[in-house]
Amino acid sequence: MTTDDRIQLLADACALPCVENLLGKVTACDLSAWIAAELGKVSALDAFRPHGPLHSKAIAPGNILHIVSGNTPHAAIQSIIRGLLLGSHNIIKLPSTGLSGLTGCIDRFPVDLQTLIETHDSLTDELLAKSDAIIAIGSDASIEAIHQRTLPHQIFIPHGHKVSMGIVYGDFENAARLAARDVSLYNQQGCLSLHAVYVHGDSLAFSGLLAGEMEKFTVENPQHGLSLSEAGAIRNLRETTRFRAANDPTTGLYESQQSLDWTVIHEPSPALTLSCLNRCVYVKPLPEKINPDTLGPESRHLSTIAIHPFGQDRAASLTHLPAHRICPLGQSQQPSLFWHHDGFAPLASLVKWKDLG
């Protein structure tokens, strides 16, 4: 199967509603442009092409092992599409809880693509040994344990613990609507969900606006059923915040009524704080100097910073922070096909090259 053949099949797969809902609209032209951007030519995997004084061809891994997490199918479907586009055989280690959002999509893929995919419930030494590349998505502890089982010749791409945040510089009403989407979509189960929003100006006023937009989002997109543990974590967070607010007027608590659907907490500390998830978010004043020291140790796990209003110069002013992606607010959950996931070029980092000459 040539690269053009795979592009056409993948364009059909990406048009499935279950995929389009996660990745947005992806066409055959998009897939061709993506390969060309990362490998130089769309045909880089099919034939030797001039490369300085040499002729070179990109070689995809024969087998890619995708070890996916159970929080959302988003990262998993991206990973599988990358492997299919390269023409590799894709072995998927599913989480113990399964991942119906992924397997349900795969079952609808064109048959010629399904033959390039196999799924497993457990991670065996045999699966690891036959893999040329391993993409691991999960906690830092899981990533470390998997890395210790890899061999020197295997490509290893880790996607460990990540957290995202927002920064609002103005236009509060629109910013609140966009931030509510970035916080609430997927119930903060993914690495691209915002845990905190930093605000230039009246951050308390923004907290109230954000609370109103969180309620609107919930009416249109109801919260999923919470486990006892998840519900307990939200109740504990609310009670702790309520006590602090009673003693500190700069702390504010905004919460859904008669439910645990959403929670907005205003607090003055600039430290990037992890939410307990499930639509709980911190709002903080934007510090005069924003850097890893003011944000604290959690900043080393930054994935995405979503800003509003977005501008290239404003985004470039934040590149001293550890995040690999700075995007418009409202788009944190839908990265471009071309994004460098955790700083890795998704296609180029998987291939090796063969030279003639």
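## A buried charged pair

E267 is buried, with a relative accessible area of 7%, where buried stands for under 20% relative accessible area, exposed for over 50%, and partly exposed for the range in between, as found with a 1.4 Å probe on protein chains only. The structure is a predicted model, in which local features need pLDDT of at least 70 and side-chain atom pairs count only at pLDDT 80 or more, while totals for chains, interfaces and linings use all residues. Residues are numbered from 1 along each chain as its sequence is written, and side-chain values use heavy atoms, with hydrogens and water left out.

The side chain of E267 meets that of K284 in a salt bridge, with 2.5 Å from N to O; the term is used for a side-chain nitrogen of Lys or Arg within 4 Å of a carboxyl oxygen of Asp or Glu. This pair links distant parts of the chain, since K284 belongs to strand β12 (residues 280-285) and E267 to the loop between β11 (263-266) and β12, 17 residues apart. Helices (H or I, at least four residues) and strands (E, at least two) are DSSP runs, numbered from the N terminus. K284 is buried as well, with a relative accessible area of 0%.

## A network of salt bridges

Side chains of opposite charge can pair when their charged atoms come close. By the rule given above, the count comes to eight salt bridges, and a network of them links R238, E239, R242 and E255. R242 is partly exposed at a relative accessible area of 35%, and E239 is partly exposed at 47%.

R242 also forms a salt bridge with E255, the closest N and O atoms being 2.7 Å apart. Because E255 lies in strand β10 (residues 252-255) and R242 in helix α11, this pair ties together parts that are 13 residues apart in sequence. E255 is buried, with a relative accessible area of 18%.

## Nonpolar cores

A nonpolar core is a set of buried Ala, Val, Leu, Ile, Met, Phe, Trp, Tyr and Cys residues joined through side-chain atoms within 4.5 Å. The largest one has 48 residues, of which V19, L31, L102 and F109 touch the most other members. At least two residues of this core come from each of α1 (3-14), α2 (17-23), α3 (28-39), α4 (74-86), α5 (100-106), β6 (133-137) and β7 (155-159), and α4 supplies the largest share, seven residues.

If its neighbours within four places in sequence are left aside, L102 is in contact with P73, A76, I77, I80, I92 and L94, contact being heavy atoms within 4.5 Å. A second, separate core has 24 residues, including A231, L237, L295 and I305.

## A three-stranded sheet

Strands of a sheet pair through backbone hydrogen bonds, either parallel or antiparallel. Here, an open sheet of three strands has the order β1-β2-β15 with antiparallel pairing, and two strands count as paired if DSSP finds at least two bridges between them. β1 (49-51) and β15 (352-356) stand at the edges with a single partner strand each, so one side of each is left without a neighbour in the sheet. On average, neighbouring strands of this sheet are turned by 45° against each other, direction ignored.

Strand β2 (residues 54-59) is joined to β15 by five bridges, and the two run antiparallel. In this arrangement, H55 stands opposite L356 in β15.

## Cysteines and H301

A disulfide is a pair of cysteine sulfur atoms within 2.5 Å, and a search of the whole structure finds zero of them. The sulfur of C14 is 9.9 Å from the closest cysteine sulfur, that of C18, which is too far for a bond; C14 is buried at a relative accessible area of 2%. For C191, the closest cysteine sulfur is in C327 at 14 Å, again too far for a bond, and C191 counts as partly exposed at 30% relative accessibility.

H301 has its place in the loop between α12 (292-295) and β13 (302-308), and it counts as buried at 12% relative accessibility. With neighbours within four places in sequence left aside, H301 is in contact with D140, H161, K162 and V163.

Technical notes: Axes fitted to C-alpha atoms, helices over the stretch in contact; angles between N-to-C directions.
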